[in-house]
Amino acid sequence: MGCCKVPALIQAQVEMGLVNDVEHKSLFRRDTESPQRKAASLMEQGSLSASFRERATKTPMNSVIQSFKIVILSNKLNLLLPFGPLAILLHYLTDNKGWIFLLSLVGITPLAERLGYATEQLACYTGSTVGGLLNATFGNVTELIISIFALKNGMIRVVQLTLLGSILSNMLLVLGCAFFCGGLVFSQKEQVFDKGNAVVNSGLLLMAVMGLLFPAVLHYTHSEVHAGSSELALSRFSSCIMLVAYAAYLFFQLKSQPSSYTPLTEETNQNEEASDDDEDPEISKWEAIIWLSILTAWVSLLSGYLVDAIEGASVSWKIPISFISVILLPIVGNAAEHAGAIMFAMKDKLDLSLGVAIGSSIQISMFAVPFCVVIGWMMGAQMDLNFQLFETAALFITVIVVAFFLQEGTSNYFKGLMLILCYLIVAASFFVHEDPHQG
């Protein structure tokens, strides 16, 4: 082996098989290897736990200036950040609601994307399951904050339409773009994802539709026991049930499911190791938490001005509030999910893409919507689950279409294109739809 200077005793042990290859190498390199190299060698042999490995390899330490450069200056989309302060300035200098709304919308766009980035950085320290949950949660922070501000201002229909638009956008536009871009990159094969998980998610979405459907049917069939109050009481009861169902879903995801899918995780370990460089965080855990707090506070501030200018923008632009709420607001709010889902699909990680797009839809429909009903109940606002006939029908048909596309467990660019075209039909429908119940 070209080792002429090996002591005779060690050489004899090697030849007798008393020292294996790994021990042999470690004896030779004991004096020459650095501590870091030794740690890496031990990790390869599985001598260190996974949690220690993550701490040893994934703890970047940045100064405040370095952290600012990484989070703020590294992304060209952040050139839009000054539009936020400009919107606030215009709010006090002029009464042009259209411009205030537009600048607030543009100013929130990079914040939504950076929220997604900070969440992904934090997810590197929490594991894939909790990371997916964090991605869905903070990806929906923008819509949730806008909804709470609108609810506080008594704009119940804006809350309903914004949340509905977020569900439609995630299921059709985000998932469609992920399937389309992934299909183009891997055009020679069909991409696959976990069919069983997709079926469970489709069932949850249908349960959410059920929760929204019955109050609307009760209203339009005029079959309430107590006119005006039964519909609201049913909405509040159903919201509590949906929150319980969502809590059970979280428990299933965090506790039961990881053990159920351990073999699948082991199968994909090689792919994860191959893309390990892409998954190493750029900022530390506490940096990610601090940035999440700062960005969330800034989104909250801008959302107040955005909500205040919605009605004025609708009048000045001659665009229905339903189109602004269902199409424009969610596209901005879903910027993080949109980018993340496409990126995962182009790396052939469709399960992550579905976790972002469908997981976000589930969180909005099973948590954000009933949560807003309960918050409205506490505020004394009559927020209910009757999203009106047109909106409920749009959601019902969308869930059915997406469920059919997911049932095979495969995707390609054609399926993605079909979902995008479906979203264009929905957008055109809301552009010509005048909501008679605006309040």
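Is Ser353 buried or exposed? In this predicted model, Ser353 has a relative accessibility of 0% and therefore counts as buried, the limit for that class being 20%. The residue belongs to helix α19, which spans residues 350-379. A polar atom of the Ser353 side chain is placed 3.1 Å from the backbone nitrogen of Ala345. When neighbours within four places in sequence are set aside, the contacts of Ser353 are with Ala178, Ala341, Phe344 and Ala345.

The chain as a whole comprises 439 residues, of which 48% count as buried. Its secondary structure consists of 21 helices and two strands. Of the contacts between residues at least 6 apart in sequence, 82% connect residues at least 24 apart. The accessible surface amounts to about 21700 Å², and carbon and sulfur atoms account for 66% of this area.

The mean pLDDT is 78, and 77% of the residues reach 70 or more. For residues 1-57, however, the pLDDT is below 50, and this stretch has 26 contacts in the model beyond near neighbours in sequence. A further segment, residues 259-278, also stays under 50; eight contacts beyond four places in sequence are found for that segment. Where pLDDT is low, predicted coordinates should not be read in detail.

Side chains of opposite charge can pair when their charged atoms come close.

A second salt bridge is formed by Arg157 and Glu391, whose closest N and O atoms are 3.1 Å apart. Arg157 lies in helix α10 (residues 156-185) and Glu391 in helix α20, so that distant parts of the chain, 234 residues apart, are linked by the pair. Arg157 and Glu391 are both buried.

In a further salt bridge, the side chains of Lys189 and Asp348 meet at 2.6 Å, N to O. Here the partners are situated in loops: Lys189 between α10 and β1 (191-192), and Asp348 between α18 (335-346) and α19; the pair therefore ties together parts that are 159 residues apart in sequence. Lys189 is partly exposed at 43% relative accessible area, and Asp348 is likewise partly exposed, at 29%.

The surface also carries a nonpolar patch made up of Leu206, Phe396, Ile397, Ile400 and Phe404, which together have about 450 Å² of accessible area. Helix α20 (residues 389-406) makes the greatest contribution to this patch, supplying four residues. Phe404 is located in helix α20 and has a relative accessible area of 55%, which means that Phe404 is classed as exposed, the threshold being 50%. Helix α20 accordingly holds the exposed Phe404 as well as Glu391, which is buried.

Key
Residues numbered from 1 in each chain as written. Predicted model: local features only at pLDDT ≥ 70, side-chain atom pairs only at ≥ 80, totals over all residues. Heavy atoms only, no water. pLDDT = per-residue confidence, 0-100. Contact = heavy atoms within 4.5 Å. Buried < 20%, exposed > 50% of the residue type's maximum accessible area, 1.4 Å probe, protein only. Polar contact = N/O pair within 3.5 Å; in protein donor to acceptor, adjacent residues only side chain to side chain. Patch = residues over 30% accessible without salt bridge, like charges linked within 9 Å, V, L, I, M, F, W, Y side chains within 5 Å. Areas by Shrake-Rupley, 256 points an atom, 1.4 Å probe, with all protein chains shown as cover. Salt bridge = Lys/Arg side-chain N within 4 Å of Asp/Glu carboxyl O.
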